[in-house]
Amino acid sequence: MDGSTTVDRSALARRLYAALAAGDAAALGDVLHPDFTGSATAGLPRGLGGDYDSADAMRTDFWWRIGRTWAAAAEPDEMLLLEDGRLLVRGTYRGHERSTGAPLEAVFSHVLTIRDDRVLRLEQLTDSGAWAATLPDQGTIDLRVDDDGVAHLRLDRPHVRNAIDQALADDTLAAARRIQRDPSVRAVLITGAGEHFTVGGDISTFVETDPDDLADLLRDMTTPFHEAFRVLADLDVPVVTATRGSVAGGGIGYVYASDVSIASETSVFVTAFSRIGLSGDGGWSWHLPRRVGLARAAAITLLNRPVPAAEAGAIGLVSDVVPDDVLDETALEVARSLARGPTRAYGRMRRLLRDTWDRSLADQLRAETEHLHACGGTRDAQVAIRDFVAKRPTEFEGH
């Protein structure tokens with residue numbers, strides 16, 4: 001404990017809630033400790049739940065994002081000083097969802113850790129269902145897990161060719177986190193509804209935004225979008241994409257996030273960034289040079305040169321190119337085949353491939369030994385080796 005009283009701590013908590021209600025960044029900075037961390041209820045919509053490792057992350061990726069979707073304030077009803085010196089705050093979030101006007105009333109419990117008269121940590125629990133109930137029924141991502149353990153993640157805005165807006169960026173992160181938490185998932189298949197995978201950023205959103213606010217909009221959209229790709233990259237299961245039609249802008253990031261990318265012959269890949277004066281997102285600057293080489297990556301992006309499916313396959317941008325009428329069947333079979341495989345070994349392979357660019361040969365060899373040792377302790381490997389000697393097929397169980 002730091003010696004402050006219940007009254008002091010309650011006053012500090014009320015200053016915190018007042019700063020949040022007013023969206024006052026300066027006042028919030030005065031209340032939060034320099035080493036602040038936070039956590040939010042895992043089931044919150046828009047991928048908002050989870051841990052935040054700094055005041056800036058909590059402010060930008062949680063509180064401010066809440067403010068864009070909901071006009072709401074935390075109204076404390078009760079404050080209790082716990083034996084360990086933390087402050088328990090119980091109350092209700094009240095307000096409404098901005099686009100629908102649906103009223104929000106969600107109970108919450110906050111546990112505040114206080115040091116040097118500032119909030120060091122905030123742990124939030126709230127009724128996530130009450131928040132979700134205020135949102136429009138139409139989602140931008142269709143996510144389901146089938147009986148084979150394949151998570152089907154489908155971009156679901158076909159009326160705008162799956163253009164990426166704030167909701168789709170947020171929903172991609174929410175879907176990635178759901179996949180990450182689901183132990184039944186053994187492979188991921190990413191597709192797009194309709195005739196186009198995605199045309200990239202929703203230009204209509206950019207046009208409707210005040211020019212002075214465009215920079216902040218782009219940052220706010222790419223923050224959850226990029227976090228989704230980080231989560232997908234860290235999965236211990238393989239990821240497959242199936243594309244057709246336009247595959248553009250930051251939407252190519254879904255392809256970059258995959259281990260096996262299958263393109264229909266109708267697919268055309270175009271970065272599109274330079275056409276609208278932007279530097280680009282979706283992880284292109286990390287992935288594209290590694291897939292196709294630095295010179296090709298520069299030409300594709302700086303010249304905004306479309307890459308048809310056949311060329312994309314030839315230069316290694318995608319794994320395979322197939323006729324449009326067999327794309328869905330082919331991609332699903334690949335995903336199901338991977339879902340039947342040695343999941344733990346796949347996870348280790350993904351890490352080795354991802355980290356190889358940042359290691360020396362010696363370090364990579366050591367890493368291979370470490371991961372091989374870990375795989376050797378799995379039941380899948382032990383059974384598969386015996387089955388190999390006995391010349392019988394193996395039914396991998398994923399552990």
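Here's a walk through this structure, from the whole chain down to a few aromatic rings. Keep in mind that the model is predicted.

Let's start with the big picture. The chain folds into 15 helices and 15 strands. Its radius of gyration is 24 Å, close to the 21 Å that the globule rule gives for 399 residues, so the chain is as compact as a globular protein of that length. If you boxed up the C-alpha atoms along the principal axes, you'd need roughly 70 × 55 × 40 Å.

Now look at how the chain packs. Of the 399 residues, 47% are buried. Take the contacts with a separation of 6 or more: 63% of them join residues 24 or more positions apart.

Next, zoom in on the aromatic rings. The whole structure holds 11 aromatic pairs. Take Phe197 and Tyr254: their ring centres are 6.0 Å apart and their planes meet at 80°, so this pair is edge-to-face. It links distant parts of the chain, with Phe197 in the loop between strand S9 and helix H6, and Tyr254 in helix H8, 57 residues apart. Both Phe197 and Tyr254 are buried.

Tyr254 also pairs edge-to-face with Phe225, at 5.7 Å centre to centre and 75° between the planes. Phe225 belongs to helix H7, 29 residues from Tyr254, and Phe225 is buried too. Elsewhere, look for one aromatic cluster made of Tyr17, Trp70, Tyr93, Phe108 and Trp131.

How values were computed:
Residues are numbered from 1 along each chain as its sequence is written. This is a predicted model: local features need pLDDT of at least 70, side-chain atom pairs count only at pLDDT 80 or more; totals for chains, interfaces and linings use all residues. Side-chain values use heavy atoms; hydrogens and water are left out. Helices (H or I, at least four residues) and strands (E, at least two) are DSSP runs, numbered from the N terminus. The radius of gyration is taken over C-alpha atoms; the globule rule is 2.2 Å times the number of residues to the power 0.38. Buried means under 20% relative accessible area, exposed over 50%, partly exposed in between (1.4 Å probe, protein chains only). Contact means heavy atoms within 4.5 Å. Rings of Phe, Tyr and Trp (its six-membered ring) pair if their centres lie within 6.5 Å; planes under 30 degrees apart count as stacked, over 60 as edge-to-face and the rest as tilted.
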